[in-house]
Amino acid sequence: MSMINDVKDHIFHNASAATGNGKFLEAGYFKTLTVEIFSSAANSARTVTFYSKGPSGVLKALAGVRVSAAPFVTAVNTTGTDETWQFDISGLHKVYMDLTAITDGTVSVYGRAVS
């Protein structure tokens, strides 16, 4: 028996040059979120902080696993670029990729949620 997963592509930040939450993802029935973070400038400094809202509606840190390079790292933010992160978003209401700091260039954060 073949099982088909529902997939949703989502753009949190598209070439953002200023700090901010970006566009949030409605988690709905999705279970896994994979996010790519990339920048327009190699010398750009940035911090992307991962947040979620659950049933209480309170914004809380969301831990993810960097899966783009070994060793795998678990964190609630990153200053890296050209990285891929994965998150368990089961039971959450919304997910944010907050661009909390940026100097020079732009940052993009694209995601794919899978049920």
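Biologist: Why is tyrosine 29 called exposed?

Modeller: The relative accessible area of tyrosine 29 is 52%. Exposed means over 50%, buried under 20% and partly exposed in between (1.4 Å probe, protein chains only), so tyrosine 29 is exposed. Phenylalanine 30, at 6%, counts as buried. This is a predicted model, in which local features need pLDDT of at least 70 and side-chain atom pairs 80 or more, whereas totals for chains, interfaces and linings use all residues. Residues are numbered from 1 along each chain as its sequence is written, and side-chain values use heavy atoms, with hydrogens and water left out.

Biologist: How many aromatic pairs does the whole structure hold, and what makes the pair of tyrosine 29 and phenylalanine 30 stacked?

Modeller: The search finds five. Tyrosine 29 and phenylalanine 30 lie 4.8 Å centre to centre, with 25° between the planes. Rings of Phe, Tyr and Trp (its six-membered ring) pair if their centres lie within 6.5 Å; planes under 30 degrees apart are stacked, over 60 edge-to-face and the rest tilted. The pair is therefore stacked.

Biologist: Why is the pair of phenylalanine 50 and phenylalanine 87 called edge-to-face?

Modeller: The ring centres of phenylalanine 50 and phenylalanine 87 are 4.9 Å apart and the planes stand at 75°, so the pair is edge-to-face. Phenylalanine 50 belongs to strand β4 and phenylalanine 87 to strand β9, 37 residues apart, so that this pair links distant parts of the chain; strands are DSSP runs (E, at least two residues), numbered from the N terminus. Both phenylalanines are buried, and together with Trp85 they form one aromatic cluster.

Biologist: How do you know that the charged end of lysine 94 sits over the ring of phenylalanine 24?

Modeller: The charged end of lysine 94 is 4.2 Å from the ring centre of phenylalanine 24. The criterion asks for NZ of Lys or CZ of Arg within 6 Å of the ring centre and within 35 degrees of the ring normal.

Biologist: Which residues have the most contacts inside the largest nonpolar core?

Modeller: They are Leu33, Phe87, Ile89, Val95 and Met97, in a core of 22 residues. The elements giving two or more residues to this core are β3 (32-39), β4 (45-53), β9 (83-88), β10 (94-103) and β11 (107-114). The largest share, four residues, comes from β10. Such a core is a set of buried Ala, Val, Leu, Ile, Met, Phe, Trp, Tyr and Cys residues joined through side-chain atoms within 4.5 Å. Beyond four places in sequence, isoleucine 89 is in contact (heavy atoms within 4.5 Å) with residues including Leu25, Leu33, Val95 and Ala113.

Biologist: How do you know that the bond joining alanine 70 and proline 71 is cis?

Modeller: Its omega is about 0°. Proline 71 is in the loop between β6 (64-66) and β7 (73-75).

Biologist: Why do β1 and β7 stand at the edges of the sheet?

Modeller: Six strands form an open antiparallel sheet in the order β1-β11-β3-β9-β6-β7. β1 (7-16) and β7 each have a single partner strand, so one side of each is left without a neighbour. Two strands pair if DSSP finds at least two bridges between them; seven join β1 to β11, and serine 16 has valine 107 in β11 as its bridge partner.
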